[in-house]
Amino acid sequence: MAVKKYYAVAVGRQPGIYTQWFGKTGALAQVEGVKGARYKGFATIEEAREFIRQHPETKSRVGGKQAPRNGANKVAQPPVDLEKRTIIYTDGSSLGNPGPGGYGVVIPSDGGDRELSGGFSLTTNNRMELLACIKGLETLSAPSSVALFSDSRYVVDGITKGWARKWQRNGWRKSNGDAALNIDLWERLLVLCKRHDVRFVWVRGHAGNPGNERCDQLATQAAAQKDLPVDSGYGAG
C-alpha cells in the first residue's frame, strides 16, 4: 500500500498541497475546526491537484469561511487552479536590511522536491525575494504554466498590479518620479514572465504553509554562510 505523502486541502484556512499532516506546517492545522473543510491524502502530487480541481467550493471560500456576498470585503485574488501548473515556492531574506542575504526555492514533484538556495554578503530582502522567483523560473527548460507562491507583497503586487511593467515603460521611473529599485532583477523577472504563464500567489509568511516555511529555512541558512559572494546588482539601481 502506497504511503500517503501529499495532503490536498481544497477548503481550509490556507488551501494548497501539503507534505505532512501534523504540526504547525501540516494539513491538519489548515482544516481543524473549519466548517465544511475539504481535504484528502494522496500518494502522488497529481492526484492531490486533481482533488483540488474537482472541488468548486475552493472558489467560494476564503480562509475556510464563506466569501462575503455583498462585496464589502472583496477577495484580493481568486484561488489558483493547480491542475497542470508547475508549483514553485519562493522566499528571500536578509540578516539586516541591507545585510547578508539569501534566497530559497522549493519545487515539489513526485520524484522528490527540488530545492535551490544561495546567498550574498550584502543585499536586501526585496532583492532576495525577486531572485528566488527568478531562480525558480529559470529551472524550467520549456515554456510552462506556473503557480508561484511568495510572501512578498513587493514582488506579487509588482507583477499582478502591473507596477513593474509601468516602471519599465516609464524608463524605470515610478509615478512620483522617483527611480525604481532593483531594475536588474525586475528586468530578468519580466522576461521570464513573458516566456512562462506565471500566476503569482501571495501567501502570509510564517503562517504554516510548508513550502513557504521550507523556503524561509533555505534562505536564512544561505544568508548565514561564510565567504558569501558579492551581489553585483545591489546599489546599481
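This briefing covers the salt bridges and the second largest pocket of one structure. The model is predicted. It holds 7 salt bridges. The second largest pocket has a volume of about 240 Å³.

**Arg85 and its partners**
- Arg85 sits in the loop between strand 5 (65-66) and strand 6 (86-94).
- Arg85 counts as buried because its relative accessible area, 17%, is under 20%.
- The side chain of Arg85 forms a salt bridge with that of Asp197 (3.3 Å, N to O).
- This pair links distant parts of the chain, 112 residues apart, with Asp197 in strand 10 (residues 197-202).
- Asp197 is partly exposed, at 40% relative accessibility.
- A polar atom of the Arg85 side chain also lies 2.9 Å from the backbone oxygen of Val146.

**Salt bridges involving helices**
- Arg127 and Asp184 pair through their side chains (2.9 Å, N to O).
- Their bridge connects helix 3 (residues 125-138), which holds Arg127, to helix 6 (residues 183-195), which holds Asp184.
- Arg127 is buried at 2% relative accessibility, whereas Asp184 is partly exposed at 29%.
- Arg153 and Asp157 form a salt bridge (3.8 Å, N to O) within helix 4 (residues 153-160), about one turn apart.
- Here Arg153 is partly exposed at 39%, and Asp157 is buried at 10%.
- Shared partners join Arg127, Asp184 and Asp231 into one salt-bridge network.

**Second largest pocket**
- The second largest pocket lies between domain 1 (4-53) and domain 2 (84-222), because both give residues to its lining.
- Of its 17 lining residues, Thr19, Asp113, Pro210, Gly211 and Arg214 are the closest to the centre.
- Helix 7 (210-223) contributes the most, with 5 residues.
- Strand 2 (16-18) and strand 6 each supply at least two.
- The lining divides into 8 nonpolar, 5 polar and 4 charged residues.

Key: Residues are numbered from 1 along each chain as its sequence is written. This is a predicted model: local features need pLDDT of at least 70, side-chain atom pairs count only at pLDDT 80 or more; totals for chains, interfaces and linings use all residues. Side-chain values use heavy atoms; hydrogens and water are left out. Helices (H or I, at least four residues) and strands (E, at least two) are DSSP runs, numbered from the N terminus. Buried means under 20% relative accessible area, exposed over 50%, partly exposed in between (1.4 Å probe, protein chains only). A polar contact is a pair of N or O atoms within 3.5 Å; within protein, one must be able to donate a hydrogen and the other to accept it, and residues adjacent in sequence count only if both atoms are side-chain atoms. On a 1 Å grid over the protein atoms alone, a cavity is a set of points where a 1.4 Å probe fits but cannot get out, and a pocket is an open set with protein on both sides within 12 Å along at least five of seven lines; lining residues have an atom within 4 Å of a point. Grid points are joined across faces, edges and corners, and a volume is the space filled by probe spheres set on the points. Ala, Val, Leu, Ile, Met, Phe, Trp, Tyr, Cys and Pro count as nonpolar, Asp, Glu, Lys and Arg as charged, and the others, Gly among them, as polar. Domain bounds come from an automatic or database domain assignment. A salt bridge is a side-chain nitrogen of Lys or Arg within 4 Å of a carboxyl oxygen of Asp or Glu.
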